[in-house]
Amino acid sequence: MLDQLIQYQERVNQALTHHLRFFAKQQKDSLTIDTTNNLFPAIEYATLNQGKRLRPALIYAVAEALGIPLNKVDAAACAIELIHSYSLVHDDLPAMDNDDLRRGQPTCHIKYDEATAILVGDAQQTLAFQILAEDKNLAPSQTIEMIRLLSLASGPLGMIGGQVLDIQAEGKSISLQQLKALHYLKTGALIQCALLMGATASPNYTTIQPGLVKLGELIGLAFQVQDDILDIEGDTDTLGKPQGSDIALDKSTYPKLLGLQPAKEYRDDLITQAKKELSILKLKSPFLITLIEYIAARKH
């Protein structure tokens, strides 16, 4: 799996670099005065770092399994990574999680300043949709569907809604069902979106859509449960962010609600269900099988 993941990472990193350099040049050419502007250097700093690129990898893997040329999903891969990166930039802000470290380096507001970090996240979000809207490799109906999927998954009915619930749950006791709903929105919605965007250009998209929705829900929950476990068992150097931050903020987590060992058992059950769902979908992708297993084994 590692070789395939590296190939996907390199592909999306190359595409992201191309887009960001192009937009930076456009900005420079449009300025009527000679002025120093650190916006695009800050955007590159927050985007072109050591991210795992798992969401773009899911897009590429589903597309390959369905026989879709990867150039038809490059824009989607860039867009979803920009959305994910923007969410991390804003998550790290003092008003949110107040973290100093992300992906092994100073967070954007530490490297630059808080106002720049806010604007970087705003820019990453809008650039994501611009890249999708301007892509010429898809039929207009497919582009619209990708924009619909990403806006739904990243907005108040998806990731942002989950982040609000996460903040409101700090220091409180919530039920397992409430925690699942929170993490489905905060983490699962964007992972589910990646699977669907990878399949959008397939003639069988409508048929396989329900199965991909279920698979994304299972993968997203398993990913979040492992994140909660790593906050306890991981270390800062490996995680690339402060270990124990969930505990410090008294966040609602699976180990806190279930206990550490039951949380691991729940994660493993989700992984088993995800592999069964992938089998039902009949997506011939050894990479996806290995990636699902990797979720439980990852250390960061």
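Analyst: Helix α4 gives the largest share of the lining of the largest cavity, three residues. This is a predicted model, so local features need pLDDT of at least 70 and side-chain atom pairs count only at pLDDT 80 or more, while totals for chains, interfaces and linings use all residues. Residues are numbered from 1 along each chain as its sequence is written, and side-chain values use heavy atoms, with hydrogens and water left out.

Some terms come next. Helices (H or I, at least four residues) and strands (E, at least two) are DSSP runs, numbered from the N terminus. A cavity is a set of points, on a 1 Å grid over the protein atoms alone, where a 1.4 Å probe fits but cannot get out; lining residues have an atom within 4 Å of a point. Volume is the space filled by probe spheres set on the points, with points joined across faces, edges and corners.

There are three cavities of 30 Å³ or more. The largest has a volume of about 90 Å³. Its lining counts 13 residues, and Ala-46, Asn-49, Val-89, Arg-102 and Cys-108 lie nearest its centre. Three elements each supply at least two lining residues: α2 (39-47), α4 (74-91) and β2 (105-106). By class, that lining holds six nonpolar, four polar and three charged residues. Here Ala, Val, Leu, Ile, Met, Phe, Trp, Tyr, Cys and Pro count as nonpolar, Asp, Glu, Lys and Arg as charged, and the others, Gly among them, as polar.

Now the second largest cavity. Its volume is about 60 Å³. The lining is Leu-54, Arg-55, Leu-58, Ile-191, Ile-219, Phe-223, Leu-291 and Ile-295. Two or more of these residues come from each of α3 (54-65), α10 and α15 (286-297). Helix α3 gives the largest share, three residues. The class count is seven nonpolar, no polar and one charged.

Buried residues of α15 are Phe-287, Leu-288, Leu-291, Ile-292, Ile-295 and Ala-296. Buried means under 20% relative accessible area, exposed over 50%, and partly exposed in between (1.4 Å probe, protein chains only). These buried residues pack against α1 (2-30), α3, α10 and α14 (260-281).

Gln-226 sits in α10 (residues 205-233). Gln-226 counts as buried, at 4% relative accessibility. Beyond its neighbours within four places in sequence, Gln-226 is in contact with Arg-267, Ile-295, Ala-296 and Arg-298. Contact means heavy atoms within 4.5 Å.

The rings come next. Rings of Phe, Tyr and Trp (its six-membered ring) pair if their centres lie within 6.5 Å; planes under 30 degrees apart are stacked, over 60 edge-to-face, and the rest tilted. By this rule there are five aromatic pairs. One of them, Tyr-8 with Phe-287, is edge-to-face, at 5.1 Å centre to centre and 90 degrees between the planes. Tyr-8 lies in α1 and Phe-287 in α15, so the pair ties together parts 279 residues apart in sequence. Tyr-8 is buried at 3% relative accessible area. Phe-287 also counts as buried, at 8%. Ring pairs link Tyr-8, Tyr-60 and Phe-287 into a cluster.

Last, a backbone point. Most residues other than glycine have a negative phi. Arg-53 is not a glycine, yet has a positive phi of about 60 degrees. Arg-53 lies in the loop between α2 and α3 and is buried, with a relative accessible area of 2%. Asn-98 also has a positive phi, near 55 degrees. Asn-98 is in the loop between α4 and β1 (101-102) and is partly exposed, at 46% relative accessible area.

Conventions. On a 1 Å grid over the protein atoms alone, a cavity is a set of points where a 1.4 Å probe fits but cannot get out, and a pocket is an open set with protein on both sides within 12 Å along at least five of seven lines; lining residues have an atom within 4 Å of a point.
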